[in-house]
Amino acid sequence: HRDLHSFPTRRSSDLSVSPQTKKQRKKSRSRKLQTFWLTRWPLEAFLWVGAQFIFSFGWRWAYFWARRIAWIMWVFMARQRAIALRNIELCLPELDEARRRQVARESFKHTVYAFFDMLLIERTFKGDRWKRHVTVDDSVRRYYAWAQEGRAPLTTAGHFGSWEVGVFVNHAHGMEQAALYRPPDLPIFDRWLRRMRAFCGVVPIEKEGGLRQLLKRARDNQPLLAILDQYGGDSGYAAPYFGVNTRWQADVFKVFLRNGLKLCVSECVRRGDTFHVDYRVLLMREFPPEADVGEVIRAYAQTLEEMVRRHPEQYFWLHKRFKTRKEGEPDRYANPGSS
């Protein structure tokens, strides 16, 4: 699931590319597009048929296949396996090697579950049927009351558990939301995601050029959603995560702090291998305009760390959270998948 990287900035090096280099890049893009269009339709047809087979017989049948897909990923995706193990080693060094491998393998499974949940929500949550699958904590009801006081909040989460379930529950309680996201590369995935977001009463805002629209909706007092726990780029805000130096996606926080920020952090914990989620709010905090963005990042990071430590197997460990391309800084992912 690829949401919410830091907003792109134009580098000076992009403005001084020779005509020959531009021409070569254009040809390369053209060849890639031709290859993509030749393979896209058969691939999308295969995915559509597969989705009908997997999701037409309930969540138990879908999760059965999710576990098999996760097993294939674990066996054959050596690079992602090594990245996950390295992330867990950095963040949870107190775990022994056997436990780290168990957490990493479970993380593959929950990653597939989270993707499948996006397609199950529309099929399973119609009417009041969602109540069979979600336990709503009292903190969520307090959050709804808090959200109606003053300006609307920016609600964040992590790539953890089944984060999209909380989005639907908010909608079921009358909250219409807007969310910043990065469209998937494959159009059929983008269509599925947009349809699910529409079912959840969410207006999707594409990351590319989306900050202005996000601010407009904030001025209209519409609750906003973002997931900001992945690597923030080499120009991102430097702050530790699990005690490891890294960079954060801080642009959204910086912009909202200009007028004060109401920040909420929530979690949706899946109960084992079932499509039942415990939804609760972990943090509700207001930051004045004079607050430093580092204070916001620290509050967000601390809440995420507590969440992940309780259920590390439900976190998305497959992302290079601690990568860097700056000279003199260590490459924490050197030769992933070589062992």
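**Note on salt bridges, ring pairs and a charged patch**

1. Glu89 and Arg86 sit 3 residues apart in helix H3 (residues 78–91), about one turn of the helix. Their side chains meet in a salt bridge, 3.1 Å from N to O. Glu89 is partly exposed, at 36% relative accessible area. Arg86 is also partly exposed, at 27%. The model is a predicted one.

2. How many salt bridges does the structure hold? The count is 16. The Glu89 and Arg86 pair has been described above. The next points take up a linked set in which Glu106, Lys109 and Asp273 take part.

3. Lys109 and Glu106 form a salt bridge through their side chains, with N to O at 3.1 Å. Both residues lie in helix H4, 3 residues apart, which puts about one helical turn between them. Lys109 is buried, because its relative accessible area of 11% falls under the 20% limit. Glu106 is partly exposed, at 26% relative accessibility.

4. Lys109 has a further partner in Asp273. Here the closest N and O atoms are 2.8 Å apart. This pair links distant parts of the chain, 164 residues apart. Asp273 is in the loop between strand S8 (261–270) and strand S9 (277–287), while Lys109 is in helix H4. Asp273 counts as partly exposed, at 34% relative accessibility.

5. On to the rings. A search of the whole structure gives 26 aromatic pairs. One of them joins Phe115 and Phe116: the ring centres are 6.2 Å apart and the planes stand at 55°, so the pair is tilted. The angle lies between the limits of 30 and 60 degrees, which is why neither stacked nor edge-to-face applies. Phe115 is partly exposed, with 28% relative accessible area. Phe116 is buried, at 4%.

6. Trp130 and Phe168 make an edge-to-face pair, with 6.5 Å from centre to centre and 70° between the planes. Which parts of the chain does this pair tie together? Trp130 lies in the loop between H4 and S1, and Phe168 lies in helix H6 (residues 163–172), so the pair ties together parts that are 38 residues apart in sequence. Trp130 is buried, at 6% relative accessible area. Phe168 is buried too, at 5% relative accessibility.

7. Trp130 and Phe168 also belong to a cluster linked by ring pairs.

8. Last, the surface charge. Which residues gather in a patch of positive charge? They are Arg123, Lys126, Arg129 and Arg132. Arg132 is placed in the loop between helix H4 (97–124) and strand S1 (134–136). The loop between H4 and S1 also holds Trp130. Is Arg132 buried or exposed? Arg132 is exposed, because its relative accessibility of 62% is over the 50% limit. Trp130, in contrast, is buried at 6%.

Methods
Residues are numbered from 1 along each chain as its sequence is written. This is a predicted model: local features need pLDDT of at least 70, side-chain atom pairs count only at pLDDT 80 or more; totals for chains, interfaces and linings use all residues. Side-chain values use heavy atoms; hydrogens and water are left out. Patches are made of residues with over 30% relative accessible area and no salt bridge: like charges are joined within 9 Å, nonpolar side chains (Val, Leu, Ile, Met, Phe, Trp, Tyr) within 5 Å. Accessible areas come from the Shrake-Rupley method with a 1.4 Å probe; for residues, only the protein chains shown count as cover. A salt bridge is a side-chain nitrogen of Lys or Arg within 4 Å of a carboxyl oxygen of Asp or Glu. Lys and Arg count as positive and Asp and Glu as negative; His and the chain ends are not counted. The place of a charge is taken as NZ of Lys, CZ of Arg, CG of Asp or CD of Glu. Helices (H or I, at least four residues) and strands (E, at least two) are DSSP runs, numbered from the N terminus. Buried means under 20% relative accessible area, exposed over 50%, partly exposed in between (1.4 Å probe, protein chains only). Rings of Phe, Tyr and Trp (its six-membered ring) pair if their centres lie within 6.5 Å; planes under 30 degrees apart count as stacked, over 60 as edge-to-face and the rest as tilted.
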